[in-house]
Structure formats: C-alpha cells, structure tokens
Amino acid sequence: MRGRRELGIVLFFAAAAVVFVLPRFLSDFRAQQFAYVAIYFIALIGLNLLTGITGQISLGHGAFMLIGGYTTAILISDQEVPLELFGHQFSNDMRDIWTIPLAGLLAGIIGFLFGFPALRLSGLYLALATFAVAVAAPAFVRRFDALTGGGPGINFFDVEGRTRSETITDPLTFETKEAGVDILGLTIPTFNEWLYYLCWTLALVLFAGAWLLLRGRFGRTLRAIRDSELAASSAGVNLARYKTLAFGISAFYAGIAGSLLAIATTFVNPDTFPITLSIYLLVGVVVGGLGSLWPLVFGAVFIHFMQIEWAQRVESVIPDFVPIIGAIDTDAPGAPAVAFGVVLILIMLLFPGGAAGLVRSVRSLGARGYDRLGRRSG
Amino acid sequence: MSDFFQQVVAGLGSGAIYASLALALVLIHRATGVINFAQGEMAMFTTYICWTLVTNHGWSYWPAFAVTLAFAFVLGFGIHRVVIHPVERSSVLTVVIMTIGLVLTFNGLASLIWSAEIRAFPSPFPNEIWRVGDVAISQQDVGTLGVVLVLVGLLWAFFQYTKIGLGLRASALNPDASRLVGVRVGWMLAIGWGLAAMLGAVAGMLAAPTVFLDPNMMQAILIYAFAAAVLGGIDSPLGAVVGGLILGVGLNLIGAYFDFVGADLRLPVALLVILVVLLVRPAGIFGTPVTRRV
C-alpha cells in the first residue's frame, strides 16, 4: 500500500508539472478552454464528494456555483464597498482574486445550512428538493434585482480592480496586442493564459486538499454513510455532523468554481447557471466515475468539449428517416444535450463505473490471483 | 370579490394541468418507485408530435390529440422496457441518473428536430369568455379542467373495473405475489409508464396554448407538478389531483395578493411547498406515513 501512495504523490507532481508547462504548446484559445476544464474539475470534485462518496444526491450544484459567481460579481463591481475582512483592507488590485475564497466560503456556509433540512430527506426526495432549488435559484436572482442586477445581470468587464491584460498599440506597426498580466513581478503574456494558471493552480490545490481529506477517517466515514447509514449510525457515526459537513465542503468547491466561472466570462446573469449546468455536472461525475477523484478530469473534459466541439459530429449518426417530422438543425443547441443524454444512459447501462471503472479494469489486467476482476488467475 | 373568483377559476385551470402531470408522476412512483424527472420533457416531446400533425400535416385537432396519446403510450412503454427496466433494482442514484439522461435526450431531440423557436399551439377551446355576474371565466380554463376531470375519471374506472387495471394495482402493491398469481409484472409496469406518458401528453397539450410551445416549456410546470404530487401525497392519485388544484389556486391567489411574490417568485413558492411538506409531513395530505422499523 505504501508503494502506491508514493507513486500517487509522484504522479501528482508529474501531472502538475505537465499542467504548468502545457500553455507553451497551446494556442491562446486552447488555454482558455483548458481553464474551463479546470473550473469544471473543481465543481466535479465538490459534487462527487457529496454524491459519489457520501451518497447524497444533489441535482442542484449549479445553485452553489451561482452563489459563488454572483458573490464575486457583486464584490468586484461594487466599488464603494471596500473589500475588508477582520479589519484588513484589500487593495483594489487583483480584487477579483480576493473574492474567490469569499465566494467559496459563502457558498460553503449556505451549503452547510442546507445540509440541515437535507438530513430529513433521503435519496429520491433529496434529488427532488435539490432539483427544485436549482430551477428556482435563477428566479430568486431575477427577483432581487437591486442586489443582483436582475435579468441583465452584472457585467464587470470594465471594472477597475479586475485583473486583466492591457492592449497596447505598437507605435511602429500600429498592431494591437496584449501587453500581458503583471502578477507578483512576472508577466504572463495573455489574459487567457493567466486564467489558465489561476484555474489550474486552484484546481490542483483543491484536488490535493480533497485527496488528503478523503484518505483518512473523514473519507472512510463518508463512504460508510453512503454504503449504509444504518450501519454507520450503529457504529457511532454522527450522521448529522458528517452529512452537513459534506454538504458544506461540497458547496465550497462549487462556489469557488462558480466564482472562477464569473471571472472567466466577466459577467453573470440568471442564465449563466441554469438547471442544465447542474445536470451537466452530474453527467461529468458519472463519466468520471462516482466516488473517484482524479478521473473526474475526464468528466470535466467531456462536459466542456462536448458542449463546444463535438456537437457537429452528431450529425452523421442521425438516420435518414427522421427528417419526415421536421427539418433537423444540427447546429441547434439541442445537439450536445442529446449527446449528453445518450452518453449518460449508455454509461449507466454499460459502464456504471465511468472512467474510473475503466481505469480499475485496466489496472487489474496486470494482476494475478483473485485480484483480476474477481476471477481466478489466468 | 369578483377578482377573487376570477383568480380561483384561472387557478383551477392551471391547477388542472399540474394535476395531470402530478398524476403521471404519482402513477410511476406507485408502480416502479421511481421519480421520473423526465416526465415534463416526455410530455413536451409528445406535444410537439401533436403540433407537427396539426401544423405540418393538416390534421384537425381531436384526431391529432388521440394519435398523440397513442404515441405517448408507446413512448412511455418503450422507455420503461429499454431504459428503466434494466436498472430498476439498482441504487436510487442510478435510476435518478437514468431519468436525468432522458431529460437531456428529449430536450435535445426536441431542439434538434423542431428547433428552439417559440411556437403557437392550437387550442380546441375557443378563446372566449363567459360572464357570470362580474366574473370573467375563460373557456380555455373551464375546458382544461373538464378534460382533466374526464380523463381522471376514465383512468379511475380503468383501474377499478378492468382486469388490466387490477393487474396494475396488484403489481404496484406486491410484485412478487402478483407474479405468483400469474400477472406479468414487467408488462404491467411498462403499461403504467405508458399511461403516465399519456397523462403527461395531456398536460403538455393543455398547457401549450397558454405557455407556447418551446423545448423548455414544461420545466416550470414539472416543478409545480412535483409540488402538487408531494403536497397531495406522492403515492396517492387523489392527492395528486387535489394537490394540483390546490396549488394552482393557491399560487394564483398568493401571486395576486402578495406583491412581494408577484410573478417572479411563483417557482420559489412551489419550491418552498416541496421543502416544507417533505420536512413536516413527507406523506402529504392523502399519503400514508411510512414508518421504518430499525
């Protein structure tokens, strides 16, 4: 077992090294895309902690992302309110970065509080309640428009204090180009690259945090709750404490992801966090593998790229008789949703373990004895 | 006072729609123990079928209505056999994920096939008003209520007096004993899903003239239907209907008399209903409280 743990740590640092070097080889556009992958990765870790490991179904994590995103948006754009915590005033530079932990904290607290009523709901009813929360959250936002900007939302592209790169015009050739983002004395060439580093640094840190948290007693307790609440409770586990904690931590992660999403898109409105976001997060967790951690990267990649790039490829799969009903528009927003839905159903039928399950199967191919997929050695 | 009655009647009209969808949810939950998150999307999809028949193929309303119901039945039946039956015995999470997958699939398919444009949907009831004293009663609302009540009555008669209905009730109550007596439980459950899909189609076709046809039209109605089913008792068909009507009227009255709520917070009010009922009396009004022996 010890050998595996050391291997895990080595792999982690290797992966971190790859992540840090990658932008050298990527175009600016791709860097932004991978930044989004990191954002989803963080959200998925949070959701999996609650659903895959503690067994509490949440169809409403988009709402926690909403809380995080709007917290960041409101704190950044409200220039009159100085950003202040325990008497320490934060400078207006890089104000947006300071809002990230605050957004996560607020989302985490609300998640923790939601954990209390959630104690009385189990399985299906919890799924129902969280589903309703996710659908109702944008309606709340619209209603309290004095704070949240209502339907149009908050656009903070121009707000002072947002970390950004300036565009400068070359005096000789009159080309405009990005001057880069200055941070801690270094200059990162483009906004997208800075976004990439911000998101992935946080993703790696939070991933390590989750991994450490789940390795020990805490993780075992959560898994025990998932496997049988009755048995866990009989063994002395305080269900209330652990379930609410799981909700809180999970919401914290989602809040940070939402905050990063807001920073990435520089605006928020009620449609930034629709019910489909919550659903896609669930898809990501299933694709990555319920109860796993690092395979969630696959889930994050899947969610993001399926929405953008692969929708066009669905076209060739649709049979010819379907046009009888109406004209098919494969560029319509519907295509990714169908792909998601079908993939979700197929995975649950064929590969319930998701990517993590596949990884496990591959790993056990090399094993001998009873390890190999539970069957005798071959 | 006349305003009050007007709100009540309008509330009964929309409440009937919630009742129909709620009844579908209750039917499926009673039979298979599943909360079908895709009920709304299935209803929306079948409503599009009706729209296509009427608009693209020139059918008149009631024949299209009937054919759509038949299509919905086949759809529900098929969905159960292909998607739900294989995972019926798995964990709750698995089944929830399956129905979520259906949500995505149907929503996406509707967008793909018919595009996300908002369309008008024909209504069999004239867009006119009866006047009773000071109160204006929309014929659409009365017609909607009438259709749903007739349908509920037919369904009740079906369950009460036919052999298949008896088989359905038996399968929901005790699948193993039913098998021993010779009831083909698998088929019964699938028929239950088919009937539920029909109810959903009715809800969709009655709602579409008012909320207009687009792929997302049933999402809010689904939440209201959940609230109605939970309020009435998730295992009680009578509760679903009563809950739907109460919710429809209640939401209208709250929206009219409490400015704070207005039109924006109707959905959160429904959410509140769901949360409060689940926390205070999970069985709802007509459900039987479940006690677990530990």
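Visitor: How many residue pairs are in polar contact across the interface of chain B and chain A?

Guide: Keep in mind that this is a predicted model. Both residues of a pair have to reach pLDDT 80 or more to be counted here. With that rule, the interface of chain B and chain A comes out with 1 residue pair.

Visitor: And how many salt bridges does the rule find there?

Guide: For this you'd look for a side-chain nitrogen of Lys or Arg within 4 Å of a carboxyl oxygen of Asp or Glu. Between chain B and chain A, the count is 0.

Visitor: Which helix of chain B gives the most to the side that touches chain A?

Guide: Four helices each supply at least two residues to that side of chain B: helix 3 (61-84), helix 4 (92-114), helix 9 (218-232) and helix 11 (266-280). The top contributor brings 18 residues, and it's helix 4.

Visitor: How much area is buried between chain B and chain A?

Guide: Contact here links 49 residues of chain B with 50 residues of chain A. On chain B's side, the classes are 36 nonpolar, 11 polar and 2 charged residues. Carbon and sulfur atoms give 85% of the buried area, which is about 4,300 Å².

Visitor: Inside chain B, at what angle do helix 2 and helix 3 pack?

Guide: Helix 2 covers residues 39-55, and its axis lies 9 Å from that of helix 3. Among the residues that meet are B:Phe45 and B:Ile49 from helix 2, with B:Phe71 and B:Leu75 from helix 3. The crossing is right-handed, and the angle is about 145°.

Visitor: How many residues of that helix 2 and helix 3 contact are nonpolar?

Guide: Sort them by class and you get no charged residues and 3 polar ones. The nonpolar count is 14.

Technical notes:
Residues are numbered from 1 along each chain as its sequence is written. Chains are lettered from A and ligands numbered from 1 in the order in which they are written. This is a predicted model: local features need pLDDT of at least 70, side-chain atom pairs count only at pLDDT 80 or more; totals for chains, interfaces and linings use all residues. Side-chain values use heavy atoms; hydrogens and water are left out. Contact means heavy atoms within 4.5 Å. Buried area is the accessible area (1.4 Å probe) that two parts lose on being put together, summed over both. A polar contact is a pair of N or O atoms within 3.5 Å; within protein, one must be able to donate a hydrogen and the other to accept it, and residues adjacent in sequence count only if both atoms are side-chain atoms. Ala, Val, Leu, Ile, Met, Phe, Trp, Tyr, Cys and Pro count as nonpolar, Asp, Glu, Lys and Arg as charged, and the others, Gly among them, as polar. Axes are lines fitted to C-alpha atoms, for helices over the stretch in contact, and angles run from 0 to 180 degrees between N-to-C directions. A crossing is left-handed if the near helix is turned anticlockwise from the far one by less than a right angle, and right-handed if clockwise.
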